[in-house]
Amino acid sequence: MSVVYSVDVEITVPVNDTEVTDRVADAIRNLFPEADPTHREGKLVAEVHTLEGFSEKLHQAEILDTARSVFFDNLSGDTFAFDLKKQAAFEGRVNFAVGETAELGDIHVAVTVREPDAESYIDAVAPPTEDGKPVDPE
């Protein structure tokens, strides 16, 4: 039986005057296919209730270990947050933004896990690996 997760994922990304809003929206949808971004005061905002599409990208890119360390490094209680490079997202690639924010801003993702808990959800989105391959926590 699979676990049912209850999560709220808020995605925000600045849209600069030099950028085409639709392209920035595409960047969000490239990594979060479930998202339907809306424009608000110089930024795009989207809320989704799954990271399934994003998780598939992590598996395809074989960066589960990187994702896990970013998620756990930014875990506080039942929430974790991370930033992604906008340019990579335009190209459909996951590239975590660490350090200084990019000139045009990064995609900010805040995840709140309601059920069962953040650690279990991180394991579902970016499972632990052994020799680079996902291992089932069972």
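Biologist: Among contacts between residues at least 6 apart in sequence, what share joins residues at least 24 apart?

Modeller: A contact here means heavy atoms within 4.5 Å. In this chain, 69% of the contacts between residues at least 6 apart join residues at least 24 apart. Keep in mind that this is a predicted model, where local features need pLDDT of at least 70, side-chain atom pairs count only at pLDDT 80 or more, and totals for chains, interfaces and linings use all residues. Residues are numbered from 1 along each chain as its sequence is written, and side-chain values use heavy atoms, with hydrogens and water left out.

Biologist: Which elements does the chain have, and in what order do they run?

Modeller: Helices (H or I, at least four residues) and strands (E, at least two) are DSSP runs numbered from the N terminus. The chain has five helices and eight strands, in the order β-α-β-β-α-α-β-β-α-β-α-β-β from the N terminus on. Its radius of gyration is 15 Å, close to the 14 Å that the globule rule gives for 138 residues, so the chain is as compact as a globular protein of that length. That radius is taken over C-alpha atoms, and the rule is 2.2 Å times the number of residues to the power 0.38.

Biologist: What percentage of the residues count as buried?

Modeller: Buried means under 20% relative accessible area, exposed over 50%, and partly exposed in between (1.4 Å probe, protein chains only). Here 39% of the 138 residues count as buried.

Biologist: How many aromatic pairs are there?

Modeller: Rings of Phe, Tyr and Trp (its six-membered ring) pair if their centres lie within 6.5 Å; planes under 30 degrees apart count as stacked, over 60 as edge-to-face and the rest as tilted. The count comes to nine aromatic pairs. Take tyrosine 5 and tyrosine 121: their ring centres are 5.1 Å apart with planes at 65°, so the pair is edge-to-face. Tyrosine 5 lies in the segment before strand 1 (6–14) and tyrosine 121 in helix 5 (residues 118–125), so the pair ties together parts 116 residues apart in sequence.

Biologist: Are those two tyrosines buried or partly exposed?

Modeller: Tyrosine 5 is partly exposed, at 29% relative accessible area, while tyrosine 121 is buried, at 5%. For a stacked case, look at phenylalanine 54 and phenylalanine 82: their ring centres are 5.4 Å apart and their planes at 20°, so this pair is stacked. It links phenylalanine 54 in helix 2 (residues 52–61) with phenylalanine 82 in strand 5 (residues 79–84), 28 residues apart. Both phenylalanine 54 and phenylalanine 82 are buried.

Biologist: Which residues do ring pairs link into a cluster?

Modeller: That cluster consists of Phe32, Phe54, Phe71, Phe80, Phe82 and Phe96.
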